[in-house]
Amino acid sequence: REDERVSELVMVIEDEKEIRDLVRYNLEKAGYRVAAASDGEDGLKQLFASRPDALVLDLMLPGANGLEILRELRGEPKTHDLPVLVLTARSAEMDKLLGFEHGADDYLTKPFSPRELVARVKALVRRARPSGMSPAMVAGPLTVDLDAREVRLEGVRLELTPREFDLLAFLVRHRGRALSRDELLRKVWGYDFVGETRTVDVHVRRLRAKLGDGQNWIETVLGSGYKFVPPAATTAPGIE
Ligand code: CA
């Protein structure tokens with residue numbers, strides 16, 4: 001089911017509620033998770049906290065405007081690669097030039113068609129993925145097929161619940177990185193509050209049981225969360 005996928009998180013910063021809602025509605029319909037902010041300050045705060053996969057950014061905002069936000073993002077190691085689609089009410093070439101100069105990846109003039117917006121966001125997210133764009137991630141004997149939502153261990157299909165699949169896919173995708181329980185709750189469960197972190201532990205325990213000999217691939221990071229460490233023999237690159 002579409003709504004159970006680990007979908008990319010797109011952030012929208014736009015002060016006009018109608019446009020914000022329009023963007024959110026259409027991106028959600030296209031299968032993305034969406035976080036929204038109505039001003040630059042809140043937007044930046046959320047951005048650094050939730051690390052979205054793409055940003056839809058209005059240029060004309062109260063307080064810090066879009067260009068200032070762009071500059072800040074590009075100067076920050078965590079977000080300097082973040083794909084950004086800039087929205088502006090004006091079609092002036094000046095805005096476009098300034099936007100690109102400050103690091104926008106793409107540009108859309110209001111009023112825009114929702115379909116066009118979704119197409120642009122899709123292209124940005126896709127482009128942001130390193131080469132290959134294979135829907136399968138390989139980690140040693142483990143294959144995570146994102147399209148089929150199947151995990152195979154040495155070719156044998158594992159029976160996972162949708163949530164277990166999402167969690168494992170997320171861990172594999174961010175292999176080698178310590179992921180806090182809070183981040184996992186936000187990104188895998190889609191919670192935007194600090195929830196019951198024990199939920200994460202329960203799911204990790206079940207995943208480990210299903211991974212059998214591979215249970216050690218999900219390492220516990222003391223005082224933090226979990227890290228997926230692929231088996232040593234791994235040479236095959238994943239999609240990230
Ligand atoms: Ca605006």
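I began with E164, which forms a salt bridge with R206 (a side-chain nitrogen of Lys or Arg within 4 Å of a carboxyl oxygen of Asp or Glu), and I noted 3.8 Å between the closest N and O atoms. E164 lies in helix α6 (residues 162-173) and R206 in helix α8 (residues 198-211), so the pair ties together parts that are 42 residues apart in sequence; helices here are DSSP runs of H or I with at least four residues, and strands are runs of E with at least two, numbered from the N terminus.

Before going on, I wrote down that this is a predicted model, in which local features need pLDDT of at least 70 and side-chain atom pairs count only at pLDDT 80 or more, while totals for chains, interfaces and linings use all residues. Residues are numbered from 1 along each chain as its sequence is written, and side-chain values use heavy atoms, with hydrogens and water left out.

Next I looked up accessibility (buried is under 20% relative accessible area, exposed over 50%, partly exposed in between, with a 1.4 Å probe and protein chains only). E164 is buried at 1%, whereas R206 is partly exposed at 40%.

I then found that E164 also forms a salt bridge with K210, with the closest N and O atoms 2.7 Å apart. K210 is partly exposed, at 31%.

My last entry concerns the calcium ion, which is coordinated by D15 (OD), D58 (OD) and M60 (O) at 2.1 to 2.3 Å; donors are N, O and S atoms within 2.8 Å of the metal (3.2 Å for Na, K and Ca), and water is not among the atoms, so sites may look incomplete.
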